[in-house]
Amino acid sequence: MFSQFFGNYLLETNKITAEQLNSCMDYIRCNRVRMGLLAETEGLLTRDQANELNLLQKKSDKRFGDLAIEKGYLTSADIDYLLQQQGNPYLIFIQALQEEKVLSAEEIDDCMTSFQQDKGYSDTIIEAIKQGDIENILPAFVSAEEEGYTNLISLSLRCIIRFVSTYIRFEEGKFVDSLSAHAMAYQHTVGDQNSLLGFSCEGDDLLIIAREFSGEDFTQMDEDALDAIAEFTNCINGLYASELSFKDIEIDMEPPFYGLDASLDFGGQKFYVLPLFIEGKKTQLIIKIG
């Protein structure tokens with residue numbers, strides 16, 4: 001998730017090209033974070049110490065951790081901790097930028113500072129983006145005050161990460177009176193709480209959900225692909241119904257709707273639309289509570 005938010009900012013500010021970002025994303029899929037960068041970021045090593053150990057590694061057939069222990073820079077407990085952290089998505093993107101010779105460490109530091117300042121993100125939001133912490137990211141993007149909106153949005157995003165892709169980002173959402181789109185799939189739930197959950201897009205960008213959720217190789221936005229997307233909304237709503245049942249709120253799911261060149265209009269009643277990018281594909285998450 002961090003690679004999507006920060007990577008898009010680097011594109012917006014012309015710090016990197018689309019080709020360079022794609023190269024970094026390929027790197028992320030194939031590599032883990034180097035122990036040295038991880039130890040430096042965690043404050044266990046200075047940059048000079050990390051560079052020294054990297055040079056020593058080129059001269060001896062020893063692991064980075066073993067050399068760090070020999071030099072007295074790290075303990076065995078430190079190494080165990082770092083090994084557990086090597087899959088950190090924030091750090092692996094930083095490493096990709098350096099390894100692909102896109103930006104230096106100093107340039108990355110400067111860009112991170114500008115990223116936070118330009119976007120107006122608090123330290124809490126920045127840390128949440130680094131950790132992929134949906135619940136703590138949402139306050140910067142979702143203006144809906146009713147708890148039901150944030151709960152269903154949060155659940156939907158977690159399901160996308162779980163079933164579709166971890167490479168997502170989103171922009172600030174807003175309430176609208178109506179919505180038209182080339183492709184749309186949604187589902188109503190009724191009972192103690194009425195709601196609507198759906199997805200829409202222009203073009204065929206929703207195919208990524210259809211493919212990854214169903215496991216089928218859809219090539220065009222047709223009835224079968226839309227049916228798979230509708231089934232995804234049904235999956236999310238099923239989980240949502242389970243969550244609400246613990247609060248003694250009972251809801252039932254109506255049959256999903258899906259179609260091309262579709263629109264939504266509730267006679268002036270507003271609903272929430274959150275711009276959502278999945279591996280660069282632009283879609284919209286649609287939520288209505290009540």
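These legends walk through several close-up views of one predicted model. Residue numbers start at 1 in each chain and follow the sequence as written. Because the model is predicted, local features need pLDDT of at least 70 and side-chain atom pairs count only at pLDDT 80 or more, while totals for chains, interfaces and linings use all residues; side-chain values rest on heavy atoms, with hydrogens and water left out.

**View 1**
The protein chain has 13 helices and eight strands; helices (H or I, at least four residues) and strands (E, at least two) are DSSP runs, numbered from the N terminus. Along the principal axes, the C-alpha atoms fill a box of roughly 70 × 40 × 40 Å. Of the 290 residues, 46% count as buried; buried here means under 20% relative accessible area, exposed means over 50%, and partly exposed is in between, using a 1.4 Å probe and protein chains only. A contact means heavy atoms within 4.5 Å. Among contacts between residues at least 6 apart in sequence, 68% join residues at least 24 apart.

**View 1. Helix H1 meets helix H8.**
H1 (residues 2-12) packs against H8 (residues 105-119) at an angle of about 90 degrees, with the axes 11 Å apart. Each axis is a line fitted to C-alpha atoms, for helices over the stretch in contact, and angles run from 0 to 180 degrees between N-to-C directions. H1 and H8 are therefore roughly perpendicular to each other; that label covers 65 to 115 degrees, with under 35 counting as roughly parallel, over 145 as roughly antiparallel and the rest as oblique. On the H1 side, the contact is made by Phe2, Phe5, Phe6, Tyr9, Leu10 and Glu12. H8 brings Ile108, Cys111, Met112, Ser114, Phe115, Asp118 and Lys119. By class, the contact of H1 with H8 has nine nonpolar, one polar and three charged residues. Here Ala, Val, Leu, Ile, Met, Phe, Trp, Tyr, Cys and Pro count as nonpolar, Asp, Glu, Lys and Arg as charged, and the others, Gly among them, as polar.

The structure holds 19 aromatic pairs. Rings of Phe, Tyr and Trp (its six-membered ring) pair if their centres lie within 6.5 Å; planes under 30 degrees apart count as stacked, over 60 as edge-to-face and the rest as tilted. Phe6 and Phe93 are edge-to-face, at 6.3 Å centre to centre with 85 degrees between the planes. This pair links distant parts of the chain, since Phe6 sits in H1 and Phe93 in helix H7 (residues 89-99), 87 residues apart. Both Phe6 and Phe93 are buried. One aromatic cluster includes Phe6 and Phe93, along with Phe2, Phe5, Tyr9, Tyr90, Phe115, Tyr121, Phe141 and Phe170.

**View 2. Helix H12 crosses helix H13.**
H12 (residues 207-214) and H13 (residues 223-245) pack at an angle of about 70 degrees, with their axes 8 Å apart. That makes H12 roughly perpendicular to H13. Leu207, Ile209, Ala210, Phe213 and Ser214 of H12 meet Ala225, Ala228, Ile229, Glu231, Phe232 and Cys235 of H13. The residues of this contact divide into nine nonpolar, one polar and one charged. The buried residues of H12 are Leu207, Ile208, Ile209 and Ala210, and they pack against strand S4 (195-201), H13 and strand S7 (271-278). Gly215 follows H12 and has a positive phi, near 80 degrees.

Cys159 is buried at 0% relative accessibility, whereas Cys235 is partly exposed at 23%.

**View 3. Thr283 sits among its neighbours.**
Thr283 lies in strand S8 (residues 281-289) and is buried, with a relative accessible area of 0%. Leaving aside neighbours within four places in sequence, Thr283 is in contact with Ser200, Cys201, Asp205, Leu206, Leu274, Pro275, Leu276 and Ile278.

**View 4. Asn31 lies in a loop.**
The loop holding Asn31 runs between helix H2 (18-30) and helix H3 (35-41). Asn31 is partly exposed at 30% relative accessibility. Asn31 and Ile92 are 61 residues apart in sequence and 7.6 Å apart in space, C-alpha to C-alpha.
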